[in-house]
Amino acid sequence: MRKEILFRAIGQIDGDLIEEAGQKKSVKKRGWIRYAALAASLVLLVGIARLTDQKLTPDRAKGPSDVQPGGMQDDEIRAGETQVEETQIAETESQNQIEKRPVLDFTMLFDGMGFQGIMAYEMPELGNPWNETDEIETLPVIENHSIYAVSDSRNIRIEKERYDEMLSWTSEVATFFGMEDIKPEEKREYVSISNGEIEIRVDGDMQMRIHFLNEVSFPKEYHATNSATREETYELAEYLIGEYKELFQMKNPQIAIADGDYSFDAVRNCNEIRIYDKGDTAVETLLNYHFEYVKFWISNEGEMSYMDINRRDRTPVLGEYEIISVEEATKLLADGRFDTTYHESEFPGLEYVRDVELVYYMSFIDDYKPYYRFWVEVPAKKRENDLNTYVAYYVPAVETAYLEITFN
Amino acid sequence: MKDEEIIGLYWDRNQKAIPATDAKYGKLLNQIAYRILYNSQDAEECVNDTYLNTWNCIPPQKPTYFQAFLGAITRNLSIDRYKEQHAKKRIPSELTLLLSELEEVLPAQSDVHREIEEKEIAAHISTFLRNLDLEKRMIFIRRYWYCEEIKQIAEEFGYSESKIKTSLFRIRAKLKAYLEKEGVWI
């Protein structure tokens, strides 16, 4: 792998450069930080009258002193500076509001390989239960306290209550697979159990992976390979629910099927099956779809090697935020106020938008925030074999008054 | 304890060498391994293997830059382990991100290309880095040698994450152009 060779080569650069770079760098205190904070508070003043339901954990609320400077645009900073003297009185009031509802840094932290795109002949179905007619008014922004947000493994400490929960979940699933006599392995950041055929592991953020070392085949009447139609995949999903529903703890399990995408050489991948719980409201359903779901990893040959069960925390909530409409988000997209991992060519224009969905971007390290994800056909990426590439462009879904953002 | 003293312990075959190395560099090495592997047990094992390799290498070696010497071993051991774990499925790790960023640096292939050794590529990269200003050089090495997260680099340098990302993007583009100019094919 060429990039790996490059990574290893960087490992062998001159030692003096490495030691030089390893020296502690003192943080630059830039003069505009306080203005940035103040500008943020001024922006918030506009929204005071509209503050409604606030579900907030007080210790996570950012006061003006610790608003991050990074995302403020230059002209916003200048706007803050010009108004400083005129708004001393308003500042105190606005600080109180900021403590209740923080301005959020929506600058995206992307993780993953390459750019985020789907290769297909036509824009595939995505499986997201959200619908533009759902009329979602507010959505929570949720803190990510997964272990992956911690950079030094020596600092990982899972609270006892959570660890007990992990143990009990592991043993419950182990019992389902007839492994009740096997003792789980209790590691600092995860619990696991194995009988040599099935491995179960639960991480501190309540994500479970069940690894079938002997891949699971399905009864002949089900079509599980990459040539399965959506209907056939749906039937398979119903079978899987029947087989494993005891593990899901869902009141009303729903099937979401994402069409399989294509590889560079036009090999179609399997449709993806996700099971989630239908909530009483559209918001609840959307949250279930992103935070508590089951996903099956089925090979193109139709055998299952993994099952992931997600029970991610939805607390603490950093705030409930008003959501903009698709129409407003589309205007922002047209104005270039989007984020994307694709930088090879310019945004091709609204006429190339092929789909939009309301999503939580499930970063390993960043808090969970709602975005509109536009899938845009990029003509520059069209391949000789007629495969199109649909690239993800993200527009923050919360009211812009609460955003602090730098677009990548 | 100074590096020369620790290296002296290895030369004397004194078993205190390893705890002394761990006391001074254990945390750093653990961080590097963890960012690549995202698993504390694997990270600790790689760090322990680093000490074992170091014990086997010194003597006869006498590294001038001990931290770089240790870190390079940890990185390579961690990458090997990462590859083993990736044989089937992708696991989340800072390395996944780092590799995808470095993809941009890969020089275009040409008919007159020649494959060269990692060490030769490293020498080219060192030369390139010496021609950058100090801050850019540090940011690049923090990201791709120490495997630090962008957030962490941004905090330490007092910049926004976006600025660090932009800066890295530009350095990567320059490095790519430089390697192509030098006829390096990877």
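Chain A has nine helices and 17 strands. Helices (H or I, at least four residues) and strands (E, at least two) are taken here as DSSP runs, numbered from the N terminus. Before I continue, please note that this is a predicted model, in which local features need pLDDT of at least 70 and side-chain atom pairs count only at pLDDT 80 or more, while totals for chains, interfaces and linings use all residues. Residues are numbered from 1 along each chain as its sequence is written, chains are lettered from A and ligands numbered from 1 in the order in which they are written, and side-chain values use heavy atoms, with hydrogens and water left out.

Let me stay with chain A as a whole. Of its 408 residues, 52% are buried; buried means under 20% relative accessible area, exposed means over 50%, and partly exposed lies in between, with a 1.4 Å probe and protein chains only. Among the contacts in chain A with a separation of 6 or more, 70% come from residues 24 or more positions apart, where a contact means heavy atoms within 4.5 Å. The chain exposes about 19300 Å², and carbon and sulfur atoms supply 45% of that area. Such areas come from the Shrake-Rupley method with a 1.4 Å probe, and for residues only the protein chains shown count as cover.

I turn now to one strand of chain A. Strand E9, residues 272-277, is mostly covered, since five of its six residues are buried. Which strands pair with it? Strand E8 (residues 253-258) of chain A pairs with E9(A) in the antiparallel sense over six bridges; two strands pair if DSSP finds at least two bridges between them. Within this arrangement, A:Pro253 has A:Asp277 as its bridge partner. Strand E10 (residues 293-298) of chain A also runs antiparallel to E9(A), and four bridges join them. There, A:Tyr276 stands opposite A:Tyr293.

I close with some backbone details. A cis peptide bond joins A:Thr315 and A:Pro316, with omega about -10 degrees, and A:Pro316 is in the loop between strand E11 (304-310) and strand E12 (317-322) of chain A. In chain B, the bond from B:Ile58 to B:Pro59 is likewise cis, with omega near -15 degrees.

Is B:Cys147 buried or exposed? Its relative accessibility is 0%, so B:Cys147 counts as buried. Its phi is near 60 degrees, a positive value in a residue other than glycine.
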